[in-house]
Amino acid sequence: KQSFPNMSTTKELFIICAGGIKGSVDVSSIDTLEDVRYQINDELDDDLIIPNFAFHANDSRISKKQENKKKAWDFLEKELSIRSKRGDVRSLDAAFAHDESSLDAAFAHDESKPVTPPSKRPKLLSSTS
């Protein structure tokens, strides 16, 4: 006789959110990471959510295309975090910003213009009258 887990049973899934702060959502045995994504956006405060995030388990990124195939219960004993898809490290203020265009501008770098180190920049002449 095969035994199935009780669908009404839930467990607390801990997630490392923006700024390294831990958050949690309750998941059932049938919930996927796609379901967890909806719960995060619905249940957690905005300051914990990184816009357009990706899941990482034990420092390995999980593709959004895989989220509907990955059971949340499989991550109960792993370190699950949400991080920027860009892979760059951002300050808490940037993580809390909700305007995507300002984030793009804040992290944009025009590759055609090389960055000149301060030691190589021309010195300004001071005028004395």
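**A close look at one strand**

A: The protein averages a pLDDT of 78, and 61% of the residues score at least 70; pLDDT is the predictor's confidence in each residue, from 0 to 100. This is a predicted model, in which local features need pLDDT of at least 70, side-chain atom pairs count only at pLDDT 80 or more, and totals for chains, interfaces and linings use all residues. Residues are numbered from 1 along each chain as its sequence is written, and side-chain values use heavy atoms, with hydrogens and water left out.

The protein has three helices and five strands, where helices (H or I, at least four residues) and strands (E, at least two) are DSSP runs numbered from the N terminus. Along the sequence they follow the pattern β-β-α-β-β-β-α-α. Of the 129 residues, 29% are buried, meaning under 20% relative accessible area, while exposed means over 50% and partly exposed lies in between (1.4 Å probe, protein chains only).

S81 counts as buried because its relative accessibility is 5%. The side chain of S81 makes a polar contact with the side chain of R83, at 3.2 Å. Such a contact is a pair of N or O atoms within 3.5 Å; within protein, one must be able to donate a hydrogen and the other to accept it, and residues adjacent in sequence count only if both atoms are side-chain atoms. Apart from neighbours within four places in sequence, S81 is in contact (heavy atoms within 4.5 Å) with I15, I16, A54, F55 and H56.

The pairing of strands comes next. Two strands pair if DSSP finds at least two bridges between them. β1 and β5 pair in the parallel sense over two bridges, and I16 stands opposite S81 in β5. I16 itself lies in β1, residues 10–16, and counts as partly exposed because its relative accessibility is 23%. The C-alpha atoms of I16 and L80 are 6.3 Å apart, although the two residues are separated by 64 residues in sequence. β5 also pairs with strand β3 (residues 53–57), in the antiparallel sense over five bridges. There, A54 stands opposite R83 in β5.

These pairings belong to an open sheet of five strands in the order β2-β1-β5-β3-β4, with mixed pairing. β2 and β4 (60–62) stand at the edges, each with a single partner strand, so one side of each is left without a neighbour in the sheet. On average, neighbouring strands of this sheet are turned by 40 degrees against each other, direction ignored. Helix α1 (residues 33–43) packs on the sheet and touches β1, β2, β3, β4 and β5; its direction makes about 125 degrees with that of β3. The axes behind these angles are lines fitted to C-alpha atoms, for helices over the stretch in contact, and angles run from 0 to 180 degrees between N-to-C directions.
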